[in-house]
Amino acid sequence: MTGTSEGEESAPEASEMGCTDTVEVAAGTPDQPQPYAELGLTAGEYRKVREVLGRRPTAAELALYSVMWSEHCSYKSSRVHLRKLAPAPAQSGALLAGIGSNAGVVDIGQGYAVTFKIESHNHPSFVEPHQGAATGVGGIVRDILAMGARPVAVMDALRFGPADAPDTGRVLPGVVSGISFYGNCLGLPNIGGELAFDPCYAGNPLVNALCVGVMRHGDLKAAVARGAGNKVILFGSRTGPDGIGGASVLASATFEEASAAKRPSVQVGDPFMEKLLVECCLELYAAGLVEGIQDLGAAGVACATTELAAGGSGGMRVSLDAVPLRDPSLGPAEILMSESQERMMAVAAPASVPAFLEICGKWDVEATVIGEVTGDGRLTMTWHGETVVDIPPGTAADGPVCRRPIARPADAGALAARDPAALPRPAGGAALRADLLAMLGSADLADKTWVTEQYDRYVGGNTVLAMPEDGGVLRIDEQTGLGIALATDGNGRFCRLDPYQGTQLALSEAYRNVAVTGARPVAVTNCLNLGSPEDPAVMWQLAEAVRGLADGCAALSIPVTGGNVSLYNQTGTTAIHPTPVIGVLGVLADVRRRVPSGFAADGADIMLLGRTRPEFGGSAWAHLLHGHLGGRPPEPDLDAERRLAGLIAAAAAAGLLCAAHDLSDGGLAVALAESCLSGGRGCRAELPGEAFTYLFAESAARAVAAPRPGLAGEFRSLCDEHGVPAERIGVTGGDSLDIGGCFSIPLAELSAAHTRTLPALFG
Amino acid sequence: MARVIVDVMLKPEIHDPQGEAVLGACHRLGFGQVSGVRQGKRFEIEIDGPAGEASLAAIAGLAGELLANPVIEDFSVHAAELPGRRHSPGSLRACG
C-alpha cells in the first residue's frame, strides 16, 4: 500500500524497529514521544489517556483513543447539550429503544416496530461524491440492520452550493449517482428527501442519509457483549486500508488543514456484499444465534469492540491476527482504524458458532471468530501473541466532555434588523405572476424529477407515496394496510436568523409533511449540521438548535429517538448556516386512506387551513428574488401544528379528503402550483386578503386541503372541532392556475417553468 | 498520426469489488490458481502528429481531468509501440 494516511505514520515506530509496541514496551518507555496531535488528540486528552492507563498508550491504544475520542465518535462538544433531547415519559410511550442505541425503535402497533435514523456523510461526499454518498447509504443501512430490523427504505436530504457553480456540477451528479447506485443495487426504495442550494454549502455540501427498518417487537437487538466465554465474530468484507484515520481526521478537521499527505484513502462500497450481509444477519437473527450485534462504521473494529464491550457487563479479548485482511501489510493500529465497508461484529454463544458460520457460508459472507467475552472488565487485544491493547472499554467509549464557550453571533442584531419589509414588492398581477414563475423555475423549488428518477422508488412493491409528495409512505402489512410515513426537513436560512425557532420550524414542517399524508406523527430523528465547535457562535447555534428541538418535541409530545451531529462544516472561517435536518416518522392505520398532494378530482373546494401573516424573513421569495436574508423567521406555532395534524388524520381516516398539501417554501402560490401540476388539473382561487402576503408569506402551521366534492360541509365541521382556521379559497378544475384579480397561468407554462431547470443545469 | 494508450487502475489501497467479483467467478469456473484480480480500464487515443513529449503531457492532462478520477485512481500514459492489434474472443480461441 502507499503510505499516505495518518494511521500509518502513527503506528510505525513498531514495524520500523521490527518489534511491536506492546503494553510491556509502553510501560518500559514512558518518555517515548507519541504523535497524539497528528491523530487529533489535544495535549490534555493525551494526558487523560495516560492517567486512565497509568502509563503511555501503545501505538494501537493511541489510535483507538484518538478515533473514539474524535468529535465524530464521541460527540464531545455536543453531548452536554444533547442531554436536553432525552424524552420525558409523556413523549416516550411508544419508544422501545432510544438515544444511545444504533437507532431509535418505535412501536407502531400490531406487533410491529420501526427503527429509523438519519446520519451525515458530508465530508466524504465532498472529497469523492459518488463513493462518499454511496457509503453514506451503506452505513445508515447497517445501523438499522444492527437493531434487528430489515431495512425497507431510504431517503436523502441534500444541500449544495449555488446550482450554477462549477463545483456543484461536480459534486451533485456524483452524489446522486452514488445514492442511486448503492440504494438501487441493494433493492431499497428511495421514498423522498430534500434538495436545496445555498452559497453557504459551496465547498461543504450536506449529504444526510436516512434509513428505516421494520421488525417484530421480539426481534430487537442490542449492541452488547454479555456472557463470559461467548465468541466475538467479525463478518462481511475483509479489512483493508480504507479511510484509515477517516473518523478522526476526515470528519473532525477542516479541509484546509488536511494536507495531501493527510488525506485518507476513500472508501469504496460494495452494495452486493451489503445485500448478502443484510440477508445473512436476518437469517442469523431468526435462528436465534446472536447475543449482541454492532455494525462497523466510523472507526471500524476499534469502535465496534469498545462499544460492544462497554455495553456489556464483562470485558473482551480480541486477537487482531485473526482479522481477515485484504492487505496483509496492515498493522494493529491500522486494523483498528480501518473503515472498510460492509462489515458487522456479533457476539454468539460457543455452541451457536458452528451454525453461525454455516449460515454465513451459505450467503458467501466471510466470518471469523476474532475473540471472546471475558469477565475481567478489560478490553485486551493481542498481535503476534503479545498484548497491544489493555484498556477499560468504558473510558474509550464514553470519551471526554467539552464545555465549549458559547456566544451569540456578533452579527445577530444586524441580521435581525435587515427587515424584508423594506424589499420592493411586486405591484400588480403581472409582477406577481412573474415572481411566481421565477420561483418555480429556481433550482430550489424546481421539479426534482431529474434527481428522483435516478432512484428506484417502487422496488419491493410497498411504496404508497414517494417524491414529489410531501412525505414518503410505505405499506408495512398487506393484510391490515398498516403503514408508515416519513419526511425530512431543514431550513438553513430560518436557522441562521434564529436557530431556536428555525429548528422548531424544521420540526414543524417535517411533522406537517407527515401529517398531510393522513399519518399520525410519532417520532423524530435529527442530523445537526453545523460549523466548527471551536467557534463560540457555532456552539451558540448548536445549543439553541437543540433547545428548540427539545422544546418543540415536548410541545408536540413526540420523542427524539436518535440522530447524529456533524460539526466542522465550514470553508475557512466561514461556517455553513446552522442546518438541523429533522426527520419525522408517522403511522397510518391503513395506507389505502393516505392523502396525495395533487388535486386529484375536479370540482373540489380548496380550503386554506391556518393563519397567514406577513412573514417574509428567510422566505424563499426574499432569497430567490432579492438574495435577501434578514429579519425574523416566521413564528412557529406548535399547538396549531398539533391541531392541524389531528384534523388531517381524522379527515383522512373518514375518507373526506382528495388532496392535502403543506405550505412551506414559497407559500400558498407555490403550493397551489405544485398541487395543480402533480394532480394534472388547474384551479381557480380568490385570495381572502392582500395578494402578495397571501401568495408568498411562509407562516407556519398551514396547508391546503381539498375535501371530496359533496363532503366539504363535513370537513368544515371537523375544522371547527379541531380549532383549525379554515377558509374556502377556490375550486379545482380547468387547465390553468387562476388567481382571481391577479393572474392566470396555463398549466403548460407552469410545467415548463417548473421542469426545465434541473435538466438544463445537470444534463 | 499516432496512438497513445492510457491505462487507468484503482489506487492499490482502494477496495475493488468488481475485481473481487471476477476473482470469485474465476474460482467457480475452476481457475483455482488465480489468487487476485484488480480491474481497470484502457483507453486507446488517436492523435494527429507524433506521440512526442508534448502530446503525451497533453494526454496526461486529459487523463487527470476526464479519463481517470485522481482521487481514487492512478493512470499511466504511453505511446503505442505498434499499430494496435486487437484480441477478439475469436482470436484468443485461435491461439489456444
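Helices and strands here are DSSP runs, numbered from the N terminus. The model is predicted, and the tour below moves from overall confidence to single residues, then to the second chain.

**Confidence in chain A**

Colour chain A by pLDDT. Its mean is 91, and 95% of its residues reach 70 or more. Now select residues 1-18 of chain A, where the pLDDT is below 50. This stretch has 37 contacts in the model beyond near neighbours in sequence. Residues 246-263 of chain A are another stretch with pLDDT below 50, and there the model has 50 contacts beyond near neighbours in sequence. Where pLDDT is low, the predicted coordinates should not be read in detail.

**Helix H27**

Next select residues 712-722 of chain A, which form helix H27. Which residues of H27(A) are buried? They are Ala712(A), Phe715(A), Leu718(A) and Cys719(A). Turn the view to look down the axis of H27(A): the buried residues fall within an arc of 120°, so they line one face of the helix. An α-helix has 3.6 residues a turn, so residues three or four places apart point the same way. On the other side of H27(A), look for Asp720(A) and Glu721(A), both of which are exposed.

**Lys117 in strand E3**

Select Lys117(A), which lies in strand E3 (residues 112-120) of chain A. Is Lys117(A) buried or exposed? Lys117(A) counts as buried because its relative accessibility is 8%, and buried means under 20%. Show the side chain of Glu119(A) as well: a polar contact of 3.4 Å joins it to the side chain of Lys117(A).

Then display the residues in contact with Lys117(A), leaving aside its neighbours within four places in sequence. They include Asn102(A) and Ala103(A), together with Ile140(A), Asp143(A) and Ile144(A). Ala209(A), Leu210(A) and Cys211(A) are also in contact with Lys117(A), as are Thr525(A) and Gly563(A).

**Asp498 between two helices**

Move to Asp498(A), found in the loop between helix H20 (492-497) and helix H21 (499-515) of chain A. Asp498(A) is buried, with a relative accessible area of 12%. What does the side chain of Asp498(A) reach at 2.9 Å? It is the backbone nitrogen of Tyr500(A). The side chain of Asp498(A) also reaches the backbone nitrogen of Gln501(A), at 3.2 Å. Leaving aside neighbours within four places in sequence, Asp498(A) is in contact with Arg632(A) and Pro633(A).

**Chain B**

Now select chain B. Its secondary structure comes to three helices and three strands, and from the N terminus on the elements run β-α-β-α-β-α. Of the 96 residues in chain B, 23% are buried. Among contacts in chain B between residues at least 6 apart in sequence, 70% join residues at least 24 apart.

**Where the chains meet**

Finally, show both chains together. The contact takes 15 residues from chain A and nine residues from chain B. Chain A and chain B bury about 1,100 Å² between them, with 60% of it on carbon and sulfur atoms. How many salt bridges cross the interface of chain A and chain B? The rule finds zero. Three residue pairs are in polar contact between chain A and chain B, counted with both residues at pLDDT 80 or more.

Note on methods
Residues numbered from 1 in each chain as written. Chains lettered and ligands numbered in written order. Heavy atoms only, no water. Helix = DSSP H or I, 4+ residues; strand = E, 2+ residues; numbered from the N terminus. Buried < 20%, exposed > 50% of the residue type's maximum accessible area, 1.4 Å probe, protein only. Polar contact = N/O pair within 3.5 Å; in protein donor to acceptor, adjacent residues only side chain to side chain. Contact = heavy atoms within 4.5 Å. Arc of directions from axis to C-beta. pLDDT = per-residue confidence, 0-100. Buried area = accessible area lost by both parts, 1.4 Å probe. Salt bridge = Lys/Arg side-chain N within 4 Å of Asp/Glu carboxyl O.
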